[in-house]
Amino acid sequence: YGTHADLWAMAFFAATASAIGQSVILKTKYENPPLFWLAVVGASGVGKSEPLNIAFKRIQEIDLFEFEKHHRAMQEYIAASKQPRAKGQPKPEPPKPASQFIQTDITPEALAQAMGANPRGISIIRDELIGWISDFGRYGKSAEESNALSMWSQATYKVTRKNGENEFITNPCANIFGGIQPSRLPELAKNGRAVNGFLPRFCFVFPDKIEAPMYNKNRLSEDFTNRYRQYIKHLLAIPGYRQEVRLSDEAENLYGEFLNKNAAQNNSGKQPDYLNEVNSKLNVIVLRSAVLFHFSQWACTGIDSGYINASTMQSAINLTEYFRITAKKVYRIISKHEADNLTVAKFLNEKGNTQTDIAKALKITHQAVSKMLAK
């Protein structure tokens, strides 16, 4: 297709995470399914969407089948509801919500319903991640953002309905996949999202050089497409819910070395708080990557020892080091933007503008301005 290899790697990685969901978890001191927030950083027209469309095609087909089945059941329910009932005959029960893997535009209530209908997990896919962030404001920014933070950590997801009833999802599993243009990264970091752990939760796919593809006639072979469909089918066939897999002793030793390296960096006082937070999240991301790779290999080979071996853990570490590099690239962009904002905020403050005026000018919160001027 002439598009960057990282885009395809991310797309197949994302589809693998969606297909596995939380049918399995890696059990250490904590529990981790292959749950990720992935963001592809690149300009428009470089081919960010096509790999995701191809990687998720089989899962989209399953969603369509389930949607159509639910639609038929709903039509039957409506028809039955209109029929006269004998005395004492119960009302027909409405069909349960359709189980869907993929969501795009979704309200908090619908998100809770979607996760309830598919406990295995869902994936929110947005061409532009800024659109997902912008949606927070439609339903109460603080609650949605804090709920998103909790979902990544699999803390209980709670939504209060208008009728006063509550929705509780005890093990929420919602992947976030999408794209963003480099110039819009500062928007992703606005309103404290760089310091509250929101932005460091993302794994950024951020190639050094990514260009719009030239025209070519090449396509994926039918053989590859068929083998990939079988691969997704095997992953979707993993039975159960939150089945446990563990690290081998050798894999745990490698993980310990990785975590200790991050702890030493954080304790050194030589890097900014943002990158310290990134390191903390990488300690989780490497475990989630390891369980994804383990079952990806199983889907291809049929071999499952029950333990994640050292080779798989090393692959997860290698990938996570890529995410460390891209996190630093993102930090350089957002820190420069913050420095520019600080200069403007101080200038406007010296000219007698209120913090509210400054917040409006910079399109950030009053709290962010207050913290900025306190530096």
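**View 1. The largest cavity.** About 130 Å³ of space lies in the largest cavity of this predicted model. In case the term is new to you, a cavity is, on a 1 Å grid over the protein atoms alone, a set of points where a 1.4 Å probe fits but cannot get out, and lining residues have an atom within 4 Å of a point. Grid points are joined across faces, edges and corners, and a volume is the space filled by probe spheres set on the points. The whole structure holds 3 cavities of 30 Å³ or more. Lining the largest cavity are 16 residues, with Ile106, Leu111, Trp132, Phe136 and Glu144 nearest its centre. Two or more lining residues come from each of α4 (108–117), β5, α5 (129–135) and α6 (141–152), and α6 provides the largest share, 4 residues. Helices (H or I, at least four residues) and strands (E, at least two) are DSSP runs, numbered from the N terminus.

A note for reading every view: residues are numbered from 1 along each chain as its sequence is written, and side-chain values use heavy atoms, leaving out hydrogens and water. As this is a predicted model, local features need pLDDT of at least 70 and side-chain atom pairs count only at pLDDT 80 or more, while totals for chains, interfaces and linings use all residues.

**View 2. The second largest pocket.** This pocket has a volume of about 390 Å³. A pocket is an open set with protein on both sides within 12 Å along at least five of seven lines. Among its 19 lining residues, Tyr30, Tyr255, Asn283, Val284 and Leu287 are the closest to its centre. At least two lining residues come from each of β2 (31–32), α9 (249–268) and α10, with α10 giving the most, 5 residues.

**View 3. Arginine 126 and its neighbours.** Look for arginine 126 in strand β5 (residues 122–128). Its relative accessibility is 16%, so arginine 126 counts as buried (under 20% relative accessible area; exposed is over 50%, partly exposed in between; 1.4 Å probe, protein chains only). The side chains of arginine 126 and aspartate 135 are joined by a polar contact of 2.8 Å. Such a contact is a pair of N or O atoms within 3.5 Å; within protein, one must be able to donate a hydrogen and the other to accept it, and residues adjacent in sequence count only if both atoms are side-chain atoms. Leaving aside residues up to four places away in sequence, arginine 126 also touches others, including Thr104, Trp132 and Phe177; contact means heavy atoms within 4.5 Å.

**View 4. The largest nonpolar core.** Of this core's 94 residues, Phe56, Trp132 and Met313 touch the most other members. Helix α10 (residues 273–301) supplies the largest share, 12 residues. A nonpolar core is a set of buried Ala, Val, Leu, Ile, Met, Phe, Trp, Tyr and Cys residues joined through side-chain atoms within 4.5 Å.

View 5. The whole structure has 0 disulfides, a disulfide being a pair of cysteine sulfur atoms within 2.5 Å. The sulfur of cysteine 203 is 14 Å from the closest cysteine sulfur, in cysteine 173, which is too far for a bond. Cysteine 203 is buried at 1% relative accessibility, whereas cysteine 300 is exposed at 57%.
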